[in-house]
Amino acid sequence: MMWNRNEQTICAISTPHGVGGIAVIRVSGPQALSISGRICKRLSKSLSNEETLQSHFQSHRAYFSEIHDLKGQKIDEAVVTYFAHGKSFTGEEVIEISCHGSPYITGQILDQLVQAGAKIAEPGEFTYRAFMNNKLDLVQAESVLSLIESRNKSAAKVALRQLEGHVSKEVEELISDLTWCLAHIEASIDFIEQGIEVVDTSELIHKLEKINGTLEKLLQSYESGRLIKDGIKVALLGEPNVGKSSLLNLLLQNDKAIVTPIAGTTRDVIDGEIIFDGMKYIISDTAGLRETQDEVEIIGIDRSRQEAEKADLLCFVFDATEKEWQRSLQMATEIQNSKKIFLLNKSDTVSADELYRIQDEISMSLGLSGAQEILATSAREATSRSHIFAAIKSAVGQFDYLDEAVISSSRQFEQAQYSFEMISKSVDELKNKTGAEFVALYLKEALLSLQKILGQVYDDQIMDRVFKEFCLGK
Ligand code: GDP
Ligand code: ZN
């Protein structure tokens, strides 16, 4: 898909397509001013001389202008903002035309810009140019997309930190440390035959392990980063009638799931999304765990198992009015490698003593540390809502370090992961005192991988992966 980095000026509508109060058309490239000048009255005033045109307008200033077509027919009245070469988002000369948000008007203006010599931008091309002009590294380019797509406070915060360069700075430091290690190893290859030891192996190992420590933290941040960006997927599981649908309604604050006193009412997975305290949750209510003869219900139960596998967290619901929890307990222990929380619902129906006794019993059967591991809830009490969200959030991960570097793209994760593995290998080689050649080989790979994260080294595949997700006008 690679665009040539040529001298062409590009244009696109940068606001959502459709009707709006205003729409912004972005023009970027060496001829942004002169091309826009052909349809903006205000800009064309001094068009006779290129020198005066640039000097006539001040960067970052907005000018009111009439917009007309190339034949002089008026299209709209607009505010035109000029960004000088080197001072814009893309690094190129940029004109932003804020016109009235009618698709007819924006269509007309784009048409005229193209006739005047501009090219319609490809999706992501503005950000691509910003990257090519060293205005952004690849992590920052990805964060532009995350920021545009962020739908909750935490996701926006993580994206903004990336755009500011927190991840980039950390990776740059790693690159610099790793380069030092590689240089010393390579020097030792040359001198080793002469019996000169240029590098203290233990110091090298220490440095490499430190690099990997930082990488490990970054890798761990990915899980949280992903959850923040995509939302935490929670599956409610439990016997029919324990109150899953009621709890779903409480959490989502609606009546999406049907609640009836007949066991087995929820036959299929019903889910909903909600933002609570800046975090996004995707919660699904599943058919009960009960074995059944009913074919529709069997499908539902199958689906609920699949749903459980996709979830980030399983929320097992027990019923305080029941005496038997065998099947739920069995399922809770059967499913391994998943994060789980346990709710004892309908807590409003039993005494505090009884509640505690049941919590203790369930916790014992599950091999947990005590009654406090089983959260007492009631779908009929509003306070349960925040308690459940808090329990989900703390069971799923650490979200208090949002101020630190958090990676949130699988591309960044894979490259950091590879780098980590290569460094581990080289540390092993150093400890085993095998040849420095191998160590150098692994370290080169590790370094390359880190450079790819920032886009210091890139190929078509990387660029495709980053920019193919962008939409038009970004
Ligand atoms: P599901 O089959 O697990 O989805 O259970 P439902 O949500 O359909 O609830 C079954 C029955 O239990 C309904 O009559 C609900 O009103 C009732 N119920 C659910 N949660 C509570 C609760 O916390 N307290 C009380 N007293 N009743 C509840
Ligand atoms: Zn239900």
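Glu-66 is partly exposed, at 25% relative accessibility (partly exposed lies between buried, under 20% relative accessible area, and exposed, over 50%, with a 1.4 Å probe and protein chains only). This is a predicted model, in which local features need pLDDT of at least 70, side-chain atom pairs count only at pLDDT 80 or more, and totals for chains, interfaces and linings use all residues. Side-chain values use heavy atoms, without hydrogens and water.

Glu-66 forms a salt bridge with Lys-74 (3.8 Å, N to O). A salt bridge here is a side-chain nitrogen of Lys or Arg within 4 Å of a carboxyl oxygen of Asp or Glu. Lys-74 also pairs with Glu-77, at 2.7 Å, N to O. Lys-74 is partly exposed at 43%, and Glu-77 at 36%.

## A buried pair

The whole structure holds 19 salt bridges. One joins Glu-142 and Arg-411 at 2.8 Å, N to O. Glu-142 sits in helix H6 (residues 138-149) and Arg-411 in helix H15 (residues 410-432), so the bridge ties together parts 269 residues apart in sequence. Helices are DSSP runs (H or I) of at least four residues, and strands (E) of at least two, numbered from the N terminus. Both Glu-142 and Arg-411 are buried.

## Annotated binding site

An unreviewed UniProt entry places a "binding site" at Arg-26, Glu-96, Lys-135 and Lys-474. Such annotations may be inferred rather than shown by experiment.

Arg-26 lies in strand E2 (residues 20-28) and is buried, at 14%. Its contacts beyond four places in sequence include Glu-96 and Lys-474; contact means heavy atoms within 4.5 Å. Glu-96 lies in strand E5 (residues 94-101).

Notes:
Residues numbered from 1 in each chain as written. Chains lettered and ligands numbered in written order.
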